[in-house]
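User: I would like to learn how to read the features of a model like this one. Could you take me through them in turn?

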Amino acid sequence: MSNILKLFMAYLTLVSGAVMAESSNWNESNVKIGRQSFHIKLPPNESKDFPTTESLQFVNLTDERLDVGAQSITAIKKYWDFSGGLLQGVQGALNIKVRVRKVPSSFEGSIFNDADLEMLLMERISNSGVDLPSQCVYETINGAKWLSYKLTGNLNSTDYVFPLTENIYIQVQADFITNSKEINPKWLNKAQKMLVDIASSMVVVKND
C-alpha cells in the first residue's frame, strides 16, 4: 500500500468518528470513595470542544458538598466527539459523568432494596422535570448488580447506579449530545457501542 493511500485511510478513520484505541489500552481512572474504590476505563482522544476537568482520586464522605444543593460530587467528567464523516464535522458527543450522591435525609427506605432505590431515583428525576424512564433494569457487571435506565426526549442519556452505603450511591451518567438534524444519526450508534465497553469496565471494590 502506498504512503499516500495509507495517509488517506488514516484520515478516513479520523473523520468517521472518535478515534479509539482498543479498550484494553484505554486509560483507567480510580476513585476512592470512603472505604470503597471505583474503577473505570475510558478512551483517549477526549474532545477539545469542551472544558477539561481534573478527575478526583478521592471523595471524602464527610464533604459538605454532599449535604447541600444536588447532594453530589462529580468525580469524573469527560467528553468524546464523533464525526459524521467527510465534510460533515462533529455530529455529536458522548459525555461521561461519574457522581457520588447522598440520599436525602427525608428518605425512609434502604437503597440496598431494589424497590426503594428505584423509588428514590424516580422521585429525583421527576423533581428535575425530566420524563421518567419507561423501565429500570438490573445488570450484573463484574460481579456487581447495577441498576440502569434510559432517559429520552430533550435529554438522551443512559444511567448506571450502584449503592455503596446506606446513604451513598454512585451514578455513572452517559449523555448523548447531538449536533445533527437526523432523527437517528450514525454517530449515535458508535457512541452507544463505546458506552457498552466503558460500562463493562466498571468495578467497585472494598478497600482493606
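Analyst: The model is predicted. With a relative accessible area of 1%, Phe82 is buried.

User: Which residue is 105 residues from Phe82 along the chain, and what separates the C-alpha atoms?

Analyst: That residue is Trp187, and the two C-alpha atoms are 5.8 Å apart. For the chain as a whole, take the contacts with a separation of 6 or more: 58% of them join residues 24 or more positions apart.

User: How many helices and strands does the protein chain have?

Analyst: The protein chain has 3 helices and 10 strands. Their order along the sequence is α-β-β-β-β-β-α-β-β-β-β-α-β.

User: What share of the residues is buried, and what does the surface consist of?

Analyst: Of the 208 residues in the protein chain, 42% are buried.

User: How should I read a nonpolar core?

Analyst: In soluble globular proteins, nonpolar side chains tend to be buried together. Here the largest nonpolar core has 37 residues, and those with the most contacts inside it are Phe38, Leu94, Ile96, Trp146 and Met202. The elements giving two or more residues to this core are strands E1 (27–33), E2, E4, E5 (90–102), E7, E8 and E9 (168–178), together with helix H3 (186–199). H3 supplies the largest share, 7 residues.

User: What does Phe38 touch, leaving out residues up to four places away in sequence?

Analyst: On that count, the residues touched by Phe38 include Val31, Ile33, Val98, Trp146, Ile170, Val172 and Met202. There is also a second, separate core of 14 residues, with Val103, Leu117, Leu120 and Val161 among them.

User: How is a pair of aromatic rings described?

Analyst: By the distance of the centres and the angle of the planes. Pairs are counted when the ring centres lie within 6.5 Å, and by this rule there are 4 aromatic pairs. In one of these, Phe50 and Tyr79, the centres are 3.9 Å apart and the planes are at 0 degrees, so the pair is stacked.

User: Why does the Phe50 and Tyr79 pair tie together parts that are apart in sequence?

Analyst: Phe50 lies in the loop between strand E2 (36–42) and strand E3 (58–59), whereas Tyr79 lies in strand E4 (residues 72–83), so the pair ties together parts that are 29 residues apart in sequence. Phe50 counts as partly exposed, at 26% relative accessibility, while Tyr79 is buried at 12%.

User: What kind of pair do Trp146 and Phe162 form?

Analyst: A tilted one, with 5.2 Å from centre to centre and 35 degrees between the planes. Trp146 is in strand E7 (residues 144–151) and Phe162 in strand E8 (residues 157–163), so this pair ties together parts that are 16 residues apart in sequence. Trp146 is buried, with a relative accessible area of 0%, and Phe162 is buried as well, at 14%. Together with Phe38, these residues form one aromatic cluster.

User: What should I look for in the backbone angles?

Analyst: Most residues other than glycine have a negative phi. Asn45 has a positive phi, near 55 degrees. Asn45 sits in the loop between E2 and E3 and is partly exposed at 46% relative accessibility. Asn142 also has a positive phi, near 50 degrees. Asn142 belongs to the loop between strand E6 (136–141) and E7, and counts as partly exposed at 48% relative accessibility.

Key: Residues are numbered from 1 along each chain as its sequence is written. This is a predicted model: local features need pLDDT of at least 70, side-chain atom pairs count only at pLDDT 80 or more; totals for chains, interfaces and linings use all residues. Side-chain values use heavy atoms; hydrogens and water are left out. Rings of Phe, Tyr and Trp (its six-membered ring) pair if their centres lie within 6.5 Å; planes under 30 degrees apart count as stacked, over 60 as edge-to-face and the rest as tilted. Helices (H or I, at least four residues) and strands (E, at least two) are DSSP runs, numbered from the N terminus. Buried means under 20% relative accessible area, exposed over 50%, partly exposed in between (1.4 Å probe, protein chains only). A nonpolar core is a set of buried Ala, Val, Leu, Ile, Met, Phe, Trp, Tyr and Cys residues joined through side-chain atoms within 4.5 Å. Contact means heavy atoms within 4.5 Å.
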